[in-house]
Structures are given as C-alpha cells and as structure tokens.
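Please read it alongside the structure shown here.

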Amino acid sequence: MDTAGIRLVSVSARFHHRVKGEVYAARDVSLDVRPGELLTLLGPSGCGKTTTLRMIAGFQKPSDGRIFIGERDVTQVMANDRDIGFVFQNYALFPHLNVYENVAYGLRVRRHGEAALGKAVGDVLAMVGLKGYERQMPHQLSGGEQQRVALARAIVIKPRVLLFDEPLSNLDAKLRVQMRGEIQHLQKTLGITTVYVTHDQEEAMAISDRIAVMNKGRIVQLGTADRLYRRPATVFVAGFIGRANLIDVTVLETGAGRAVIDIGGVTHVLNGAGEGLSAGARARAVLRPEAIALGQAGAAGAIPGVVRSRTYLGEKAEYVVEAGGQSLLVVRFEAENEHFAPGSAVGVRLPARDVQLLVGDEA
Ligand SMILES: Nc1ncnc2c1ncn2[C@@H]1O[C@H](COP(=O)(O)OP(=O)(O)OP(=O)(O)O)[C@@H](O)[C@H]1O
Ligand SMILES: [Mg+2]
C-alpha cells in the first residue's frame with residue numbers, strides 16, 4: 001500500500017471565544033509522523049487532540065502553519081481529496097445502510113465497479129472479523145461490531161493515512177483492550193501511517209510506536225512510551241504517564257556531562273544530566289515508585305527514612321516513606337517475610353541512573 005508520512009509545521013488553531021477572547025485549541029504544533037508509524041496524541045480533555053487530528057483530516061482549517069501528507073502540501077486541500085481514513089469515537093455509521101453498504105460507500109463515491117467493490121468489501125470485512133454480517137443493519141450490532149464496521153469503512157478505500165479519534169471510548173474495559181490489540185495488529189499488517197488520539201495513557205503506551213504528549217494546545221514531549229516514562233521532560237509528563245515522585249534536590253556541581261546532587265544529605269552523581277543547571281541551584285528530580293529501593297536502616301550511602309504506611313496489593317506492596325524531609329511513594333515486589341512494618345526505620349536508595357533531573361520550573 002502507498003502510505004506516506006505526515007508533517008505539521010507550526011500549526012495553530014485559533015478561535016474567538018465570547019468571554020476569553022482569542023483562544024488557541026492548538027498552538028504552534030510541529031510534528032513528523034514517519035511513514036508506517038502509529039503515533040498517538042495523548043493528553044487531558046481539552047488539550048487540543050481532536051482539533052489537531054481534524055486539521056490533519058481537513059475538517060478544520062489551521063489559522064497558521066502548513067500540513068504535508070508525503071511531499072504534498074495539503075493545507076488548502078479539502079478533506080475528501082486528502083486520501084485519509086477517519087475513525088470517529090461514535091462510529092458515525094449510516095443508520096439506514098447495512099454493513100456491506102456502509103463499507104462500500106467510500107468505493108461507490110470513488111466510482112469503483114461492482115465486481116471489484118464486492119471483493120474489496122469482502123476482504124476488509126474478513127480482516128476485521130465481520131464475515132457474514134453483510135446484511136446486518138447498524139442498530140443490530142454491538143458497539144464493538146459497529147466500531148469494526150467503522151474501521152473496515154476507513155481502510156477499504158486504501159487511504160494513505162489513517163486517523164482515529166478516541167475509537168474505543170464507548171466500549172467496555174475488556175473489549176477496549178481486545179480492540180486496541182486488533183487495531184495495532186491491523187495497522188502493522190497494512191503498514192499505514194496512523195495518528196491515534198486518546199486521553200488514556202495505558203492505551204497509548206500499549207499501541208503506539210511513539211507518543212506526543214499534549215497540554216494546553218501544545219506538544220510538550222514526543223517519544224516512545226519507554227522514553228516518556230523513564231525520561232519525562234516536565235512535571236506534567238511525569239504525572240500524566242504513570243506515577244512519579246517529585247523530589248527537591250540541591251545541585252552541588254555540574255559539568256562534563258554530569259550533575260552532582262544532594263538528596264536528603266546523600267550525594268548522587270547523575271550522568272548525562274545537569275545541562276542548564278549550575279552549582280547551588282534548586283531543582284526537581286523525578287523518580288518512579290518502583291525504582292526506589294528500601295533496605296536496612298543505617299546502611300552506608302542510604303538516606304535515613306521512616307515507613308509511614310504499607311499497603312499490600314498481592315503481587316506488590318506500596319509504601320509511603322518519609323526520607324530527606326519528603327514523602328516518597330515506593331512500590332516493592334516482595335518475597336514472603338521481606339516487608340517493613342509501619343514505623344520502622346529504613347535506608348532509602350535512589351539509583352542514580354533512574355533519577356531524572358528536570359530543568360526549569362515548567363509545570
Ligand atoms: N470551533 C471551536 N470554537 C471555539 N473553541 C473550540 C473549537 N474547537 C475546539 N475548541 C476549544 O479548543 C480546546 C481543545 O479542544 P479539543 O476538542 O481539540 O480537545 P481534546 O483534546 O480533543 O479534548 P477531549 O479529550 O475532551 O476530546 C477546547 O478548550 C475547546 O473548547
Ligand atoms: Mg477530543
């Protein structure tokens with residue numbers, strides 16, 4: 001299939017709001033979606049995901065910036081001339097057409113002959129697991145089945161790019177997990193460049209090649225799920241993707257590609273950190289709950305701490321530990337009789353390679 005990358009160059013969507021005046025639903029968004037990639041726009045409600053997706057689709061004109069699909073500048077091109085497949089949250093099937101005709105619609109508009117059309121519709125219905133459903137009407141289908149029809153309808157026209165806006169949010173939790181696996185499988189099989197919108201971080205991590213985290217109309221960080229989890233660039237990203245401890249630190253020394261910091265009276269050397277910081281500065285570090293290690297009190301190099309609480313959750317236990325004047329969330333995978341009781345003194349270790357130093361006070 002002929003797929004293409006997507007490029008957004010400083011794209012904005014500006015609206016006039018009666019009370020607030022000028023508002024930006026998307027602001028200065030630049031993005032390169034690689035050919036064949038599944039890239040997710042992830043962020044809280046109102047951050048501009050749908051607006052950005054609608055601009056790629058051509059349903060919404062940008063106020064500024066340019067949009068390319070492959071080499072072609074489509075900024076001024078109408079939606080139906082952009083060669084895209086779009087899957088909506090509410091499926092948007094034609095209620096008076098059966099499954100076959102819903103899927104065939106896009107091909108009829110493109111004046112495909114009846115024979116080629118029959119084969120193409122049959123092929124995609126088989127692909128989404130709906131063989132034998134041709135004569136069913138939309139109201140006779142479950143939500144999951146309707147979403148499969150919407151998916152079939154989007155891919156049957158062999159679009160150059162596929163766009164999804166919260167396609168699973170009307171389904172129950174179990175079906176959501178199943179369908180996201182199917183969408184990912186189909187996307188990889190067809191190799192179509194895909195932009196996927198969700199506010200669900202777990203869904204985003206499960207299916208994406210890369211994730212663009214959005215906040216207040218802007219892309220705040222772009223990377224693989226692993227990268228965003230381990231190396232969040234801002235407090236917002238750290239808190240939006242997984243759970244994080246935000247720790248106040250003092251910078252003792254920087255230079256030569258490393259930073260020496262003090263946390264709770266213990267010195268830590270962070271390699272590949274410290275750019276933009278100078279000695280004496282206060283900074284914040286992000287540390288994931290499962291990266292923190294608890295051991296015997298008084299151990300050399302450990303920060304003295306006290307266990308405030310322990311919650312046993314079966315495969316793991318969650319602790320709140322007071323150390324270095326801060327309250328830390330710690331997740332441990334414990335063997336039998338290996339736990340620390342509330343009130344016990346412990347030694348807290350923060351492995352330097354897992355400490356992510358944040359520069360600037362961007363929220
Ligand atoms: N046509 C418009 N006129 C005025 N404001 C708009 C318009 N379209 C979107 N907005 C505003 O832009 C912001 C972003 O909206 P958008 O629908 O892109 O958010 P979203 O990230 O998709 O949120 P959700 O997760 O709730 O779907 C919102 O504050 C919204 O009210
Ligand atoms: Mg939306």
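1. A pocket is an open set of points on a 1 Å grid over the protein atoms alone, with protein on both sides within 12 Å along at least five of seven lines; a cavity is a set of points where a 1.4 Å probe fits but cannot get out; and lining residues have an atom within 4 Å of a point. Grid points are joined across faces, edges and corners, and a volume is the space filled by probe spheres set on the points.

2. This is a predicted model, in which local features need pLDDT of at least 70 and side-chain atom pairs count only at pLDDT 80 or more, while totals for chains, interfaces and linings use all residues. Residues are numbered from 1 along each chain as its sequence is written, and side-chain values use heavy atoms, without hydrogens and water.

3. The second largest pocket holds about 250 Å³ of space. Its lining comprises 15 residues, with Asn271, Gly272, Ala273, Gly274 and Gln356 nearest the centre. Two or more lining residues come from each of β13 (266-271) and β20 (356-358); strands (E, at least two residues) and helices (H or I, at least four) are DSSP runs, numbered from the N terminus. By class, this lining has six nonpolar, five polar and four charged residues. Ala, Val, Leu, Ile, Met, Phe, Trp, Tyr, Cys and Pro count as nonpolar, Asp, Glu, Lys and Arg as charged, and the others, including Gly, as polar.

4. The largest pocket has a volume of about 550 Å³. Of its 18 lining residues, Ile84, Tyr105, Gly106, Arg110 and Ile157 are nearest the centre. The elements β6 (84-87), α2 and α4 each supply two or more residues to the lining, which contains eleven nonpolar, three polar and four charged residues.

5. One cavity of 30 Å³ or more is present. The largest cavity contains about 50 Å³ of space, and the residues lining it are Ile247, Ile263, Gly264, Ile303, Ala323, Gly324, Gln326, Leu328 and Leu350. Six of these are nonpolar, three are polar and none is charged.

6. Glycine 129, with a positive phi near 75°, follows α3.

Conventions: Chains are lettered from A and ligands numbered from 1 in the order in which they are written.
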